[in-house]
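Hi everyone, thanks for coming.

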Amino acid sequence: LAVDAPQGDLNFPLSNNSLLKEKNIVVRQAGKCEYLNEQTFGNKSRYIVGSYDIEINTLPRTYINDVRVSQSHTTDIEIPEPGVAHLNMDALGYGTILKDNKGKLEWVTTLPTDITKTSVYLQPGNYRFIFRTRKATDTVFTIEKKFKITTGLSTTVNIY
């Protein structure tokens, strides 16, 4: 039984020593919630011709909607490499990272409360680190630090 099923490929190229190599990529049919496939960077997968929505497990998540797969064609999808934020706090406390999208803040991650130092890989952009020590009882003691992440570079944020 012959069925006409034109196909193309989605490819997520990977440079040497990339920090993206272990990130999962979820592929869904455009506009649908159902999980269709999972890929990793450096691998190519074949799909029926059409539109697909891509979700990449970065911080913050990377979404690419309506990616077209054409017959007998490979569609390459590249995203910028992350940078790293080294966060140093002088005491245990509550910390959250927010991405600043032109004044609109988007939650990225909440840090564990039992650490005073950590490193977080983040996609390039402007961020805010909000922190309050465990012993502080008023919001007036909340500290906010703005920082910028650039592809492949480290940024240190000190809360002392």
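What radius of gyration does the protein chain have, and what would a compact globule of 160 residues have? The protein chain has 20 Å, while the globule would be near 15 Å. The radius is taken over C-alpha atoms, and the globule rule is 2.2 Å times the number of residues to the power 0.38. Along the principal axes, the C-alpha atoms fill a box of roughly 70 × 30 × 30 Å.

A quick word on the source. This is a predicted model, where local features need pLDDT of at least 70 and side-chain atom pairs count only at pLDDT 80 or more, while totals for chains, interfaces and linings use all residues. Residues are numbered from 1 along each chain as its sequence is written, and side-chain values use heavy atoms, with hydrogens and water left out.

Now the fold elements. The protein chain has 14 strands and 0 helices; these are DSSP runs numbered from the N terminus, with at least two residues (E) for a strand and at least four (H or I) for a helix. Of the contacts with a separation of 6 or more, 59% are between residues 24 or more positions apart, where contact means heavy atoms within 4.5 Å. Buried residues make up 37% of the 160; buried means under 20% relative accessible area, exposed over 50%, and partly exposed in between, with a 1.4 Å probe and protein chains only.

Let's zoom in on two residues. Leucine 10 lies in strand β1, residues 7–11. Is leucine 10 buried or exposed? Leucine 10 counts as buried because its relative accessibility is 0%. Leaving aside residues up to four places away in sequence, leucine 10 touches a set of residues including Val27, Tyr47, Ile54, Val67, Val69 and Ile77. Take valine 69: leucine 10 and valine 69 are 59 residues apart in sequence, yet 7.1 Å apart in space, C-alpha to C-alpha.

Over to the other example. Threonine 155 sits in strand β14, residues 154–159. Threonine 155 has 17% relative accessibility, so it counts as buried. Which residues does threonine 155 touch, not counting those up to four places away in sequence? They are Val84, Ala85, His86, Phe147, Lys148 and Ile149. With lysine 148 there is a further detail: a polar atom of the threonine 155 side chain lies 3.1 Å from the backbone oxygen of lysine 148.

How values were computed
Polar contact = N/O pair within 3.5 Å; in protein donor to acceptor, adjacent residues only side chain to side chain.
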